[in-house]
Amino acid sequence: ATLPNYEDVATFLRISPENLYSFDNSFRPVGLEQQYIGIKEKKPLKRFKLMNEITYNKVIHQVGNPVIIFVHTRKETMKTAKYIRDTALANDEMIDFLKTSDNYLENRHILKEASEDEKISNAELKELLPYGFGFHHAGMTRYDRTLVEDLFENNLLKVLVSTATLAWGVNLPAKTVIIKGTQVYNPEKGSWVELSPMDVLQMLGRAGRPQYHDKCGEGIVITSKEQLQYYTSLMNNQLPVESQFIKRLADQLNAEIVMGTITNMDEAVHWLGYTYLYICMLRSPTLYGISYDEYENDKLLEQRRMDLIHSAATILDKANLIKYDKKTGNLQVTNLGRVASHYYINFNSILTYNEYLKP
């Protein structure tokens, strides 16, 4: 369901058509209804407030059904859970959350006892449990996390706010999943970036509970208006998986030279023909900078592969990772190239070391 161009991957893996199977959403044991909400507001505080209001409105419409809300910082799990509780109290709607089953008095008693457990380390969690709300993240103690998981699994907690770790690490399905915002802070880039497609799919995959015979789960994505098209395309199998190999071609070529599987340009060009990049270039030449005329004159893209290998080998030669003889096409490993390959050091770092680390 997440791979629209599965035939490209099959070709790359050399799978024959009769042995290729595709499993779409019709194979999902519980159907998934999807909602995408785009927020126009640009100012951070107003946008944050609007996200909270939308989240609460969606939760109140699911009263009685377990809901998981995914947020993207540990602190935000507690803040969102508190906001929903406080808003429900202010709107006199808390009774709707508490009276969700015939044995709600017994459930409240269990939650009250759980909140008084002295082994609970998190004070905010103790405060929220009696209302049927909880939160979950990797920074909590194992005891606290296990308690929350057990209460939610037994349908005692109706609303659970969590980080993405719950989507990947613990099998806790819910009737409804809400992804509150789609941007996470990337410390390497020093900026906010969109969630990876796999994270979004994994989170939405928690919607729907076969064991409770749900006919349909509900996935709600709250994002910016600009990203609406991206996420609707993602979830409707319209985003093919493209190759990113060119970005790492030089380092991969160096590794092959170090292993001895490539010793000259001809072998390198042949090797490139076994990559997913080559399959993608054949399928969508223009997407990879290959003109129509170029493709028509060279259906197997031998010249383009030669150019890519030449560029990568030139970079490696400049970094003293290999010795590249442009006349003969020979590619010879160096000691520095062995070190870089063994310790996974990319050529850019080696260029920097060569420039600044002088004997």
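How many of the 8 residues of helix H13 (residues 276-283) are buried? The count is 6, so H13 is largely enclosed by the rest of the structure. Here, buried means under 20% relative accessible area, exposed means over 50%, and partly exposed is in between, using a 1.4 Å probe and protein chains only. Helices are DSSP runs of H or I with at least four residues, strands are runs of E with at least two, and both are numbered from the N terminus.

Before going on, some ground rules. This is a predicted model, where local features need pLDDT of at least 70 and side-chain atom pairs count only at pLDDT 80 or more, while totals for chains, interfaces and linings use all residues. Residues are numbered from 1 along each chain as its sequence is written, and side-chain values use heavy atoms, with hydrogens and water left out.

Back to H13. Its buried residues are Tyr276, Leu277, Tyr278, Ile279, Cys280 and Met281. They pack against H1, helix H12 (265-272) and helix H15 (302-318).

Now zoom out. The protein chain has 17 helices and 10 strands. Its radius of gyration, taken over C-alpha atoms, is 27 Å. Along its principal axes, the C-alpha trace spans about 85 × 55 × 40 Å. Of the 359 residues, 43% count as buried.

What about contacts, meaning heavy atoms within 4.5 Å? Among those between residues at least 6 apart in sequence, 69% join residues at least 24 apart.

Next, the inside. A nonpolar core is a set of buried Ala, Val, Leu, Ile, Met, Phe, Trp, Tyr and Cys residues joined through side-chain atoms within 4.5 Å. The largest one has 58 residues, and Ile69 and Phe97 touch the most other members. Helix H2 (residues 44-60) gives the most to this core, with 5 residues. There's also a second, separate core of 35 residues, which includes Leu249, Leu277, Tyr278 and Ile279.

Leaving aside its neighbours within four places in sequence, its contacts include Tyr56, Val59, Ile60, Phe133 and Lys158.

Most residues other than glycine have a negative phi. Arginine 14, though not a glycine, has a positive phi of about 60°, and aspartate 92 is also a non-glycine residue with a positive phi, near 55°. Arginine 14 is in the loop between helix H1 (6-12) and strand S1 (31-39); aspartate 92 is in the loop between helix H3 (74-90) and helix H4 (94-98).

Aspartate 24 is found in the loop between H1 and S1 too. Asparagine 107, by contrast, is found in helix H5 (residues 104-115).

| Residue | Relative accessible area | Class |
|---|---|---|
| Arginine 14 | 48% | partly exposed |
| Aspartate 24 | 40% | partly exposed |
| Aspartate 92 | 67% | exposed |
| Asparagine 107 | 15% | buried |

Finally, two pairs to find in the model. Aspartate 24 and leucine 239 are 215 residues apart in sequence, and their C-alpha atoms are 14 Å apart in space. Asparagine 107 and leucine 157 are 50 residues apart along the chain, with 9.2 Å between their C-alpha atoms.

Conventions:
Rg over C-alpha atoms; globule rule 2.2 N^0.38 Å. Contact = heavy atoms within 4.5 Å.
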